[in-house]
Amino acid sequence: MYKIPESVLVVIYTEDLQVLLMERADKLDYWQSVTGSKDFPEEDLDVTATREVQEETGIVVAAEAGAVPLSNLRDWGVANVYEIYPVWRHRYAHGVTKNTEHVFGLLVPDGIPVTLAPREHLQYKWLPYRAAADACFSPSNAEAILQLPRHLVAHSAK
């Protein structure tokens with residue numbers, strides 16, 4: 001089964017603009033936010049985002065007690081189309097070279113527990129947003145993080 005070339009990028013952050021980054025297990029010193037592809041073409045992007053957040057960090061986003069409220073997950077209305085790194089093209093159907101990545105933000109409380117998926121990530125850290133952007137290997141991830149203050153204001157205004 002090949003990966004669908006449509007994915008989400010979820011910037012997880014706190015009110016004081018600390019951003020969660022994780023180190024990839026398959027590429028040492030490659031730090032990133034939560035990312036992941038749709039499981040099937042018709043899957044809603046918010047479903048992809050909540051699933052990937054839970055799979056990669058253990059953070060549950062749902063309308064249930066103890067979970068991060070669904071209203072804290074916001075689609076930022078940004079879609080990046082980028083060239084899939086050659087090292088990961090084998091995961092996609094033959095001839096697929098581009099992916100469309102939809103950017104989301106997730107506001108979480110300070111001190112929320114994080115449980116990494118060991119096959120995907122080795123360690124995590126919380127960094128101030130500018131330092132987090134500098135640490136990302138992906139230019140689209142770094143740019144999304146740099147946009148965080150604008151989205152935080154939009155979130156608190158709603």
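**Exercise 1. Is phenylalanine 137 buried, partly exposed or exposed?**

Solution. This is a predicted model: local features need pLDDT of at least 70, side-chain atom pairs count only at pLDDT 80 or more, and totals for chains, interfaces and linings use all residues. Residues are numbered from 1 along each chain as its sequence is written, and side-chain values use heavy atoms, with hydrogens and water left out.

Step 1. Set the classes: buried is under 20% relative accessible area, exposed is over 50%, and partly exposed lies in between (1.4 Å probe, protein chains only).
Step 2. Phenylalanine 137 has 21% relative accessibility, so it counts as partly exposed.

**Exercise 2. Which rings pair with phenylalanine 137, and how are they placed?**

Solution. Step 1. A pair of aromatic rings is described by the distance of the centres and the angle of the planes. Rings of Phe, Tyr and Trp (its six-membered ring) pair if their centres lie within 6.5 Å; planes under 30 degrees apart are stacked, over 60 edge-to-face, and the rest tilted.
Step 2. The whole structure holds 5 aromatic pairs. In one of them, the ring centres of tyrosine 85 and phenylalanine 137 are 5.9 Å apart with planes at 45°, so this pair is tilted.
Step 3. Tyrosine 85 sits in the loop between strand E5 (73-83) and strand E6 (98-107), and phenylalanine 137 in the loop between helix H2 (129-135) and helix H3 (139-146), so the pair ties together parts 52 residues apart in sequence. Helices (H or I, at least four residues) and strands (E, at least two) are DSSP runs, numbered from the N terminus.
Step 4. Tryptophan 88 and phenylalanine 137 also form a tilted pair, 6.2 Å centre to centre with 55° between the planes. This pair links parts 49 residues apart, with tryptophan 88 in the loop between E5 and E6.
Step 5. Compare accessibility: tyrosine 85 is partly exposed at 34%, whereas tryptophan 88 is buried at 9%.
Step 6. Ring pairs link Tyr30, Tyr85, Trp88 and Phe137 into a cluster.

**Exercise 3. Describe the surroundings of glutamine 32.**

Solution. Step 1. Glutamine 32 lies in strand E3 (residues 31-32).
Step 2. Its relative accessibility is 3%, so glutamine 32 counts as buried.
Step 3. Its side chain makes a polar contact of 2.9 Å with that of arginine 24. Such a contact is a pair of N or O atoms within 3.5 Å; within protein, one must be able to donate a hydrogen and the other to accept it, and residues adjacent in sequence count only if both atoms are side-chain atoms.
Step 4. Skip neighbours within four places in sequence: glutamine 32 then has contacts (heavy atoms within 4.5 Å) with residues including Met22, His121, Phe137 and Asn141.

**Exercise 4. How many residues has the largest nonpolar core?**

Solution. Step 1. A nonpolar core is a set of buried Ala, Val, Leu, Ile, Met, Phe, Trp, Tyr and Cys residues joined through side-chain atoms within 4.5 Å.
Step 2. The largest has 20 residues; Val11, Trp76 and Leu148 are among those with the most contacts inside it.
Step 3. Strand E1 (6-13), strand E2 (18-24), E6, H2, H3 and helix H4 (148-157) each give this core two or more residues.
Step 4. Apart from it lies another core of 19 residues, among them Met22 and Phe104.

**Exercise 5. State the overall fold content.**

Solution. Step 1. The protein has 4 helices and 7 strands.
Step 2. From the N terminus, the order is β-β-β-β-α-β-β-β-α-α-α.
Step 3. Of the 158 residues, 46% count as buried.
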